[in-house]
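Here is a short briefing to read beside the coordinates.

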Amino acid sequence: MSKEIVVSGIRSTGYLHLGNYFGAMRNYVKMQDDYNCYFFVADYHSLTTHPDPKDLRANVYRVVAENVACGLDPDKVALYAQSDIPEIPELYLMLNMLAYKGELEKVPTFKDKVRLNPDNVNAGLLTYPVLMTADILIHKGKHVPVGKDQEQHVEMARNFAQRFNHRYGEVFPEPYPFNFGSTLVKVPSLDGNGKMSKSENLNATLFLADDDDTIRKKVMKTKTDSGPTESNSEMPEYIQNVFQLLRLVSTEATLQSFTNNYNDCTIRYGDLKKQLAEDMIAFIAPIREKAKAMQADESLIQKILKEGAAKARVSAAATIAEARKAIGINYY
Ligand code: TYM
């Protein structure tokens, strides 16, 4: 039986962090044996914020290196740069004709961007979910491993797929967000405000490239308080966040012991943070070192990208031919 198709991407806008790992890359690695996987660096998506051309290449290479350092095997998956697949912008153009200004303006991530950068409300930002849809549908992706923050974008991709099929006939499957375990992941920021992010909350985000001291400093600044005064009291959200981080990288025994301390009011957050920092270091340091070593070997990264693009273009070419035919672009 042929394997089900998985597609997902990561923008090349900065260093990858724990949120990217637990929301996306951990799933990529777990899926690579059992699915037909297409994972890419979303370099076109990064252009919405006009990065310096000098930085683009290193940013793209770093995303590749960090993915491989996390355990992704380029021989098992197609790992490529979005801009190496010209069929993606072609499908994006087709889908843009089916996407309405009103619905795009209502997307919460668009509204957030408008609020944060009122001077740069460009058309690419507005149609960001349409490009995402093209990324997914170009391979007829069914499963899209993403974090919670991308859930709504995948829902829009599903709507656009339905809309295309309704108008032109059944071409695309309906994609769904994917996570091992029941719910999509949101890794909280260390300061209790929102989520870890490549572009906001930088001091409250743990990056896969952070050195040990930086990790210690950031974790020790995590928001806590003086501890509960009544046994078994409910945890405030920022304390729940700390426990969530502990759950990601610490052992079950560590988690249980601090949970017991919380419940009987003997918890010392200084000790918890020290433990969390050391567990984070044990988790991040090997990834950091592997990614660093790989980035020194540009020819290896180029080989991965070229081979990944060659694999991805086979599937992209087949899909775009089908989409053109369905639309009626079929002249010769
Ligand atoms: P990006 O680059 O912002 O993030 C990459 C992946 O990391 C997940 N993520 C998180 N998960 C949990 N907690 C967090 N704090 C956290 N922060 C980020 C994201 O959900 C994502 O899965 N638009 C996408 C890239 C993209 C894409 C696609 C994804 C372009 N085309 C097609 C899937 C399919 C983005 O900006 O992700």
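**Overall fold**

Among contacts in the protein chain with a separation of 6 or more, 78% join residues 24 or more positions apart. The model is predicted. The protein chain holds 14 helices and five strands.

**Size and surface**

- The protein chain has 332 residues and a radius of gyration of 21 Å; a compact globule with that number of residues would have a value near 20 Å, so the two agree.
- Along the principal axes, the C-alpha atoms of the protein chain fill a box of roughly 75 × 45 × 45 Å.
- Of the 332 residues in the protein chain, 48% are buried.

**Strand S2 and its partners**

- Strand S2 spans residues 36-42. Six of its seven residues are buried, so the strand is mostly covered under the cut-off of 20% relative accessible area.
- Strand S1, residues 5-11, runs parallel to S2. Seven bridges join the two strands.
- Within that pairing, Gly 9 stands opposite Phe 40 of S2.
- Strand S3, residues 78-81, also pairs with S2. The two run parallel and are joined by four bridges.
- Phe 39 has Leu 79 in S3 as its bridge partner.
- In a regular strand, side chains alternate between the two faces of the sheet.
- Which elements make a β-α-β unit with S2? They are S1 and helix H1, residues 18-31, and the unit is right-handed.

**Aromatic rings**

- The structure contains twelve aromatic pairs.
- One of them is formed by Tyr 28 and Phe 39: the ring centres are 4.0 Å apart and the planes meet at 10 degrees, so the pair counts as stacked. The cut-off for stacking is planes under 30 degrees apart.
- This pair links distant parts of the chain. Tyr 28 belongs to helix H1 and Phe 39 to strand S2, and eleven residues separate them.
- Are these two partners buried or exposed? Tyr 28 is buried because its relative accessibility is 1%. Phe 39 is buried too, because its relative accessible area is 1%.
- Phe 39 therefore takes part in the ring pair with Tyr 28 and in a bridge to Leu 79 of S3.
- Ring pairs also link Tyr 21, Phe 22 and Phe 283 into a cluster.

- Asn 201 is not a glycine, yet its phi is positive, at about 50 degrees.
- Asn 201 sits in the loop between strand S5 (176-178) and helix H10 (212-220).
- Cys 265 is another residue other than glycine with a positive phi, here near 65 degrees.
- The loop that holds Cys 265 lies between helix H12 (252-263) and helix H13 (269-295).
- Cys 265 counts as partly exposed because its relative accessibility is 26%.

Notes:
Residues are numbered from 1 along each chain as its sequence is written. This is a predicted model: local features need pLDDT of at least 70, side-chain atom pairs count only at pLDDT 80 or more; totals for chains, interfaces and linings use all residues. Side-chain values use heavy atoms; hydrogens and water are left out. Buried means under 20% relative accessible area, exposed over 50%, partly exposed in between (1.4 Å probe, protein chains only). Two strands pair if DSSP finds at least two bridges between them. A crossover is right-handed if, with the strands pointing away from the viewer, the path from the first strand over the helix to the second runs clockwise. The radius of gyration is taken over C-alpha atoms; the globule rule is 2.2 Å times the number of residues to the power 0.38. Contact means heavy atoms within 4.5 Å. Rings of Phe, Tyr and Trp (its six-membered ring) pair if their centres lie within 6.5 Å; planes under 30 degrees apart count as stacked, over 60 as edge-to-face and the rest as tilted.
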